[in-house]
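Subject: Structure for your review

Dear colleague,

Please find below the structure that I am handing over to you, together with its sequence. My notes on it come after the display.

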Amino acid sequence: MLMLVGLVGLLVVVRIQLYKKAQKNRSRLLVALAITIGSIIAGWTSATAATLTVGKAAPNADPIIPVNVGDKLGIFKKHGLDLTIVDFTGGSKMTQAMVAGSIDIGVGAGTEMAFVAKGAPMTAICETAGPPSFLSIGVPWDSPIRSLDRLKGERIGVSTPNSLTDWLAKDLAHKKGWGPQAITVVTMGNAPTTIIAAFREHLVDAYVNVTSLFLAMEENKTGRVLAPVSQYEGKLAVGTLYASKRLIDTDPNTVRAFVAGWTETIDFILTHKAETVKIESEITGFSERVMSRDYDLTIGMFTKDCKFDAESLATLKRSFVDLKLLPTPPDMSALYTEAFLPK
């Protein structure tokens, strides 16, 4: 009897050990299965994420840096996009990169639509901002110039020929009735270091650039805002997105995803000032104090629906002839599409 009890006890112990071993093996199997599934999902995510090269016409322009904000917040990634962002020193340089096939998306101004009319393989897909409230004409800190009227006969710096800033300088002379020879336009790029050096050496008497730069220059007394460009200009699609025709033809859903990521980013910017100012300060290198002032001046310019405004299109149409980019006004409807806008 005692032997039978011992045998039963031994069988129980063996069964328990076998059960534990089975459970252990089962746990290992589940862990291995989880790792395998995770790897497969990661592979799917990597395989389906679209990689886009995005060109910016300027590094610190307010209608342009939302692409950096959305990228930093992971908004574009949420829409299945991995962005490589490249800065250029003007809209014409960005367009050249588009022509060369180096970028997929361009973030610039409406003035680049003239290049679309001239055959550049891209199409405007979103008006991101209408009025030019983010741009100002700045002057050196010690300049005697105190009004726009005093710019007659002076040298005004702009980014590149036929760019938005080029047209704004020339249109000032037009609006003032001075004639095209009344000012001297100097193309010097839009890098902050270049503009600061030009002011310190008095290579130009004024510059058309982002307001935030001149606000930052006021802090160290190298330059100051003379007047916002909106003092003499209305809406002109100062912010515009472009997609290469290759991308539109081969992967329209990716274009649609980029526009969706952009509009979600704008929604965030409009409703989260403190977070936006902090991120934009990191992007521009300007203090949060400067970017906070800039935010208040420019937040009203953004469009929420990306639709192209009739006033903007009319102003751009005139600018193309003024800049001698085109001999006659183009059919503007052929230069943009609203097919990729959120429904």
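The notes below begin with the chain overall and then turn to its helices and to some individual residues.

Overall picture

Please bear in mind that this is a predicted model. The average pLDDT of the chain is 87, and 86% of the residues reach a score of at least 70. Residues 1–47, however, have a pLDDT below 50, and apart from near neighbours in sequence this stretch makes 0 contacts in the model.

The chain has 343 residues, of which 49% are buried. It contains 13 helices and 10 strands. Of the contacts with a separation of 6 or more, 79% are between residues 24 or more positions apart. The accessible surface amounts to about 16200 Å², and carbon and sulfur atoms contribute 58% of it.

Helix 2 and its surroundings

Helix 2 covers residues 66–73, and its buried residues are Pro 66, Val 67, Asn 68, Val 69 and Gly 70. These buried residues pack against strand 1 (50–56), strand 2 (81–87), helix 3 (75–78), helix 10 (252–271) and helix 11.

With regard to helix 10, its axis and that of helix 2 come within 9 Å and cross at roughly 90 degrees. Because angles of 65 to 115 degrees count as roughly perpendicular, helix 2 is described as roughly perpendicular to helix 10. On the helix 2 side, the contact is made by Pro 66, Val 67, Val 69, Gly 70 and Leu 73. The residues of helix 10 that take part are Phe 258, Trp 262, Thr 265, Ile 266, Phe 268 and Ile 269. Gly 74 follows helix 2 and has a positive phi, near 80 degrees.

Helix 12 and its two partners

Helix 11 (residues 273–284) and helix 12 (residues 288–298) have axes that come within 9 Å and cross at roughly 120 degrees. Helix 11 is therefore oblique to helix 12. Their crossing is right-handed. Helix 11 contributes Lys 273, Thr 276, Val 277, Lys 278, Glu 280, Ser 281 and Thr 284 to the contact, while helix 12 contributes Glu 288, Met 291, Ser 292, Tyr 295 and Asp 296.

Setting aside neighbours within four places in sequence, Ser 292 is in contact with Lys 273 and Val 277.

Helix 12 also meets helix 8: their axes come within 9 Å and cross at roughly 140 degrees. These two helices are therefore oblique to each other. Helix 8 passes helix 12 in a right-handed crossing. The residues of helix 8 involved are Thr 211, Ser 212, Leu 215, Ala 216, Glu 218 and Glu 219. In helix 12 they meet Arg 289, Val 290, Met 291, Arg 293, Asp 294 and Leu 297.

Leu 316 is found in helix 13, which spans residues 310–322. Its relative accessibility is 1%, so Leu 316 counts as buried. Leaving aside neighbours within four places in sequence, Leu 316 is in contact with Gly 110, Thr 111, Met 113, Leu 236, Ala 237 and Met 332. Leu 316 and Leu 164 are 152 residues apart in sequence, and their C-alpha atoms are 9.8 Å apart in space.

Most residues other than glycine have a negative phi.

His 202 is a residue other than glycine with a positive phi, near 55 degrees. His 202 sits in the loop between helix 7 (192–200) and strand 8 (206–210). With a relative accessible area of 37%, His 202 is partly exposed.

Lys 221, which is not a glycine either, has a positive phi of about 60 degrees. This lysine lies in the loop between helix 8 (211–219) and strand 9 (223–228). The relative accessible area of Lys 221 is 55%, so this residue is exposed.

With kind regards

Definitions and conventions. Residues numbered from 1 in each chain as written. Predicted model: local features only at pLDDT ≥ 70, side-chain atom pairs only at ≥ 80, totals over all residues. Heavy atoms only, no water. pLDDT = per-residue confidence, 0-100. Contact = heavy atoms within 4.5 Å. Helix = DSSP H or I, 4+ residues; strand = E, 2+ residues; numbered from the N terminus. Buried < 20%, exposed > 50% of the residue type's maximum accessible area, 1.4 Å probe, protein only. Areas by Shrake-Rupley, 256 points an atom, 1.4 Å probe, with all protein chains shown as cover. Axes fitted to C-alpha atoms, helices over the stretch in contact; angles between N-to-C directions. Parallel < 35°, antiparallel > 145°, perpendicular 65-115°, else oblique. Left-handed = near helix turned anticlockwise from the far one by under 90°.
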